[in-house]
Amino acid sequence: FALPVASVDAMRILTAGYLSDKDPISKLLSKAGGDVASAARGILCIENVDKLADPKGLNREGRRIQECLLSVLDGTDCKVGDKTVPTDCILFAASVAFRGAGSLTSPSDLIGLGFLPEFAARFAHLVRFDALNQSHLFDILRAGKSQMIGRYEALFADGEVSLQFSEEALRAIADESAKRIGGARSLTSLLEAIALNAAVAC
């Protein structure tokens, strides 16, 4: 059977400032169609975890969220509505993006970047991914009219305005995004800026 997979954006956790352990688990339960047994063996990805790091001792909220997530990572019973989801068999994965991240080899390296020792220790296996280059980013944009492009086209269509991106424009966006070394995040911010300017022009 298919395992449910859910993702939580650490940037949104940080913005919202929530300190409840049930929110990420509720997303996993939703992906499992409310089936507790399925959710309890699912996969939960915590994205942009680098935003929780506290290398200079100034990111107090990030530290609090790390502390909050410890019990979930260790294995606990999370109450979600009228259901209880055990987390001890959930596979947790976290993504970080740092300059020089390719040199990370162990949890102790994460501690040096500003993560709590007990939080870093919960991620014993580190896997490095190469940075996305211009070609990768261009493929993301054009593949099957990506969700990013489609979302903005749909928004403008609601206002009876046709928004279209030429291949040359997509290549320019991908090229600028690659220069910013922000991966897909840069694509998102660039498209938002373009859409805002287009909306003002309309």
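Close-up 1. Glu192 lies in helix H10; helices here are DSSP runs of H or I with at least four residues, strands are E runs of at least two, and both are numbered from the N terminus. This is a predicted model, where local features need pLDDT of at least 70 and side-chain atom pairs count only at pLDDT 80 or more, while totals for chains, interfaces and linings use all residues. Residues are numbered from 1 along each chain as its sequence is written, and side-chain values use heavy atoms, with hydrogens and water left out. Glu192 has a relative accessible area of 43%, so it is partly exposed (buried is under 20%, exposed is over 50%, partly exposed is in between, with a 1.4 Å probe and protein chains only). Met148 is 44 residues from Glu192 in sequence, with 9.6 Å between their C-alpha atoms. Ala195 is also found in helix H10, and Ala195 counts as buried at 10% relative accessibility. From Ala195 to Tyr152 it's 43 residues in sequence and 7.0 Å in space, C-alpha to C-alpha.

**Close-up 2. Two arginines over aromatic rings.** Arg151 lies over the face of Tyr152, 5.2 Å from the ring centre. Over at Phe138, the charged end of Arg171 sits 4.0 Å from the centre of the ring. To qualify, NZ of Lys or CZ of Arg has to be within 6 Å of the ring centre and within 35 degrees of the ring normal.

**Close-up 3. The second largest pocket.** This pocket has a volume of about 660 Å³. Of its 20 lining residues, Asp9, Arg12, Glu47, Asn48 and Thr188 are the closest to the centre. Strand S1 (5–9) and helices H1 (10–16), H2 (22–31), H8 (147–158) and H10 (184–201) are the elements that each give two or more residues to the lining. By type, the lining splits into eight nonpolar, five polar and seven charged residues (nonpolar is Ala, Val, Leu, Ile, Met, Phe, Trp, Tyr, Cys and Pro; charged is Asp, Glu, Lys and Arg; the others, Gly among them, are polar). On a 1 Å grid over the protein atoms alone, a pocket is an open set of points with protein on both sides within 12 Å along at least five of seven lines, and lining residues have an atom within 4 Å of a point. Points are joined across faces, edges and corners, and the volume is the space filled by probe spheres set on them.

**Close-up 4. Asn48 and its positive phi.** Asn48 lies in the loop between strand S2 (43–47) and helix H4 (60–74). Its phi is near 60°, a positive value in a residue other than glycine. At 10% relative accessibility, Asn48 counts as buried.

**Close-up 5. The Phe115, Phe119 and Phe123 cluster.** These three residues form one aromatic cluster. The structure holds two aromatic pairs. In the Phe115 and Phe119 pair, the ring centres are 6.0 Å apart and the planes are at 15°, so it's stacked (rings of Phe, Tyr and Trp, the last by its six-membered ring, pair if their centres lie within 6.5 Å; planes under 30 degrees apart are stacked, over 60 edge-to-face, the rest tilted). Both Phe115 and Phe119 are buried.

**Close-up 6. His125 in a loop.** His125 lies between helix H6 (117–120) and helix H7 (134–142). Its 75% relative accessibility makes His125 exposed.

Key: On a 1 Å grid over the protein atoms alone, a cavity is a set of points where a 1.4 Å probe fits but cannot get out, and a pocket is an open set with protein on both sides within 12 Å along at least five of seven lines; lining residues have an atom within 4 Å of a point.
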